[in-house]
Amino acid sequence: MTTKSLSGLAAIAALPRNRLLGEFSLWSADLANMERDLKRIEPYADLHHIDVADARFTPGFLFFPDYVARIAKLTSKPIHVHLMVEAEIVEEQTRQFIEAGANLISVHAENGEAGLRAVRLARELGAEAGVVLRLETPVAEVAPFLQEVAFVTLLGTSIGVKGQSLSEHACPRLIEARKLMKQAGREKEIVLAADGGIRHETVPRLRAAGAETVVLGSLAFGDPDLAQRIAWLHGLEVAA
């Protein structure tokens with residue numbers, strides 16, 4: 001068992017902001033050999049990303065609180081749970097996944113007022129909160145969340161489907177989100193994240209557009225030289 005030294009809020013606040021973060025999507029791990037894969041990525045991950053889907057907000061089912069509880073015992077790194085669920089269950093799911101060990105819960109702006117309540121609940125329970133936007137949702141929809149979250153994640157592909165190419169709209173949307181964060185006076189407090197379409201050729205473009213973390217799937221798990229991959233990631237510069 002691994003013991004975490006920081007609370008949810010503190011663990012997210014402690015993430016480095018002087019380089020691109022490595023956020024590892026455990027959807028791309030070998031689920032039959034999860035403990036092995038966690039040991040492999042532990043030296044390189046800044047945080048783990050776990051997708052949760054209810055087969056209504058998204059096309060299929062993905063992971064459960066028991067899964068997060070097991071992961072939490074095997075890693076010292078923060079766990080970011082992305083809730084792709086309908087508004088009527090987002091608050092209860094927020095509670096369940098924090099109780100299971102999540103440090104950061106991101107809810108969808110499309111959940112509206114229920115999403116805002118879930119964000120506030122996450123912080124009341126000692127975790128950090130974030131907001132996510134589907135590709136087709138106007139970036140302005142994050143505005144009501146900006147005073148209350150530590151992460152803004154923009155999807156660069158259709159939700160809940162692996163292996164898609166990055167949308168041509170992904171980078172302009174990151175730039176637009178950065179402007180909104182600046183207008184809200186929280187550009188330095190919020191981590192801007194890109195999720196979906198993460199490839200060797202797309203990560204530099206996303207970084208140049210302002211991404212501070214990218215959700216790594218096969219780009220990391222499929223690389224035989226993970227140390228070199230992460231060194232490359234850390235060396236990418238944001239546009240001036």
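**Close-up views of a predicted model**

**View A. Pairing of strand 4 with strand 5.** Strand 4 (residues 79-84) and strand 5 run parallel and are joined by 3 bridges. Within this pairing, Val 81 of the model, which is predicted, stands opposite Ile 105 in strand 5.

**View C. Packing of helix 3 against helix 4.** Helix 3 (residues 65-72) packs on helix 4 (residues 87-100) at an angle of about 25 degrees, and the axes are 8 Å apart. Angles under 35 degrees count as roughly parallel, and helix 3 and helix 4 are therefore roughly parallel to each other. Their crossing is right-handed. The contact is made by Pro 65, Val 68, Ala 69 and Ala 72 from helix 3 with Gln 96, Phe 97 and Ala 100 from helix 4. By class, this contact has 6 nonpolar residues, 1 polar residue and no charged residues.

View D. Val 85 sits in the loop between strand 4 and helix 4. Buried means under 20% relative accessible area, so Val 85, at 1% relative accessibility, counts as buried. Leaving aside residues up to four places away in sequence, Val 85 touches Val 52, Asp 54, Phe 57, Val 90 and Asn 111. Thr 75 is 10 residues from Val 85 along the chain, and the C-alpha atoms of these two residues are separated by 25 Å.

Note on methods:
Residues are numbered from 1 along each chain as its sequence is written. This is a predicted model: local features need pLDDT of at least 70, side-chain atom pairs count only at pLDDT 80 or more; totals for chains, interfaces and linings use all residues. Side-chain values use heavy atoms; hydrogens and water are left out. Axes are lines fitted to C-alpha atoms, for helices over the stretch in contact, and angles run from 0 to 180 degrees between N-to-C directions. Helices (H or I, at least four residues) and strands (E, at least two) are DSSP runs, numbered from the N terminus. Angles under 35 degrees count as roughly parallel, over 145 as roughly antiparallel, 65 to 115 as roughly perpendicular and the rest as oblique. A crossing is left-handed if the near helix is turned anticlockwise from the far one by less than a right angle, and right-handed if clockwise. Contact means heavy atoms within 4.5 Å. Ala, Val, Leu, Ile, Met, Phe, Trp, Tyr, Cys and Pro count as nonpolar, Asp, Glu, Lys and Arg as charged, and the others, Gly among them, as polar. Two strands pair if DSSP finds at least two bridges between them. Buried means under 20% relative accessible area, exposed over 50%, partly exposed in between (1.4 Å probe, protein chains only).
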